[in-house]
Amino acid sequence: MISACRRHFSLQAMKSIPTTTILGHEYEIDSMTNITPAIASRLHCKLLSQPNSPLALLWRRIQRHFDSRHPRVFDFLRHDDPIVTAKQNFDELLIPASHPSRSPNDSYYLNRKTMLRTHMTAHEREVMATGRKSFLLVGDVYRRDQIDCSHMPVFHQLEGVCIFSPDELLSREAEYSHLVGVIEKAIGSQVLQVEHDPKIVKLALADLYVTLHGLMKALFGDASRIRWQETFFPFTQPSTEAEVFYDNRWLEVFGSGILQQQVLHPSVLERDPNAIAWAFGMGLERVAMVLHGISDIRLFWSQDDRFTSQFSSQKEDTVPIKFVPFSKYPPICRDISFYLPTTSDFQPNELYEIIREIAPDLVEAVTLTDEYHDVKINRASMCYRIVYRSMERTLTDNLINKLQSELRERVARQLQVTLR
Ligand code: DAH
């Protein structure tokens, strides 16, 4: 929980309500509050506005592609404030009350009503309300997650939406007729929304297919192969995901589908009761990492000139520059082992959060190396290996010993475990 909370006195009630100030706004703290100072500090660094960040470059590359090659005009939007209501992030997208992503174990809450967005889908409706019909939206999103070279609690997403009238789609029937088979395969046995005419749904999906194939080819090259499969998202029906074959492996890139009619902003249906929309979401880091050969997601946050300068000559229309790793500094490994209390619902994310607090950006990976049940004392024992490694300097044993003993102390206290 954020430690620097201020106390705010309400004159009427004469009782104090603990609050915290984030991005200049004051929020009441309650039992859901779990935003940490380490996460709060990320809210100020806007990587998408740093011109040489590979993420900003990727966003420019995407805009250029849509401007020059896509037949429809898209609005490009960057939404920098990641604070949303739980209603925007979940309820309005039909994400059920029992969905794990709602748990404070998976998401960061300022309080029970307000949170850090976990996906850019949270802003679709407000953009639709402005009357925009085709738009791309980027921003930073936040999730409590494991620690390894491809996961950070903050990353960036691109969201795309396109709203059609059935007539617009019917006018493309001849152009899209050859895609019907692929589309039927991609949606498999999924049931369509009752409001929708199956022919119109397939045309909308064909348009989505053409749009995403165009984007993939622009990013990964003309020869790139893409495969689609059916999946599930609460806010789309039918839903599909697409993978691209790159560097000898299939990479999951998009989640997409036909937005549920209930998710469309009411003003969209007021304008056209038969409107239908496709949407997709894509993680930017994952794509930028493979395009540029960036091996560790923490590098995106590095202000080290040896990282940022490598991308300064990148143009949006040329082959992505391959990152040349600067000397890798040696790792230092330390284990932490503990017995859980007899009745415990231990959540590894709690441990990861403490590690991030103590050593932001200094931990490359955390893995569970041993887990067993000690029958004599009837308690579970866990051992985690922490790999400390800086991207920018050699770490000293002294520093790591200090961090590790602080970690042990915090883990014992906060997780109420018995250290071994
Ligand atoms: N919001 C989803 C996520 O973060 C990604 C996504 C899936 C976005 C399907 C969409 C969509 O717009 O249609 O995992």
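**Core packing and backbone features**

Once neighbours within four places in sequence are set aside, Ile62 is in contact with Leu136, Leu158, Leu215, Leu219, Met282 and Leu284. The structure discussed here is a predicted model. Ile62 belongs to the largest nonpolar core, a set of 74 residues, and it is listed with Leu158, Leu219 and Phe220 as having the most contacts inside that core. Helix α8, which spans residues 198-220, gives the most to this core, contributing 13 residues. A separate core of 27 residues lies apart from it, and includes Val84, Phe135, Leu259 and Val263.

A cis peptide bond links Gln237 to Pro238, with omega at about 0 degrees. Pro238 sits in strand β11, which covers residues 236-246. In the loop that runs between β11 and β12 (249-259) lies Asp247. Although Asp247 is not a glycine, its phi is positive, at about 55 degrees. Asp247 counts as exposed because its relative accessibility is 57%, and the cut-off for that class is over 50%.

Asn378 likewise is not a glycine, yet has a positive phi of about 55 degrees. Its place is in the loop between β15 (363-374) and β16 (379-388). With a relative accessibility of 43%, Asn378 counts as partly exposed, since that class lies between the buried limit of under 20% and the exposed limit of over 50%.

Terms used: Residues numbered from 1 in each chain as written. Predicted model: local features only at pLDDT ≥ 70, side-chain atom pairs only at ≥ 80, totals over all residues. Heavy atoms only, no water. Helix = DSSP H or I, 4+ residues; strand = E, 2+ residues; numbered from the N terminus. Buried < 20%, exposed > 50% of the residue type's maximum accessible area, 1.4 Å probe, protein only. Core = buried A, V, L, I, M, F, W, Y, C linked by side-chain atoms within 4.5 Å. Contact = heavy atoms within 4.5 Å.
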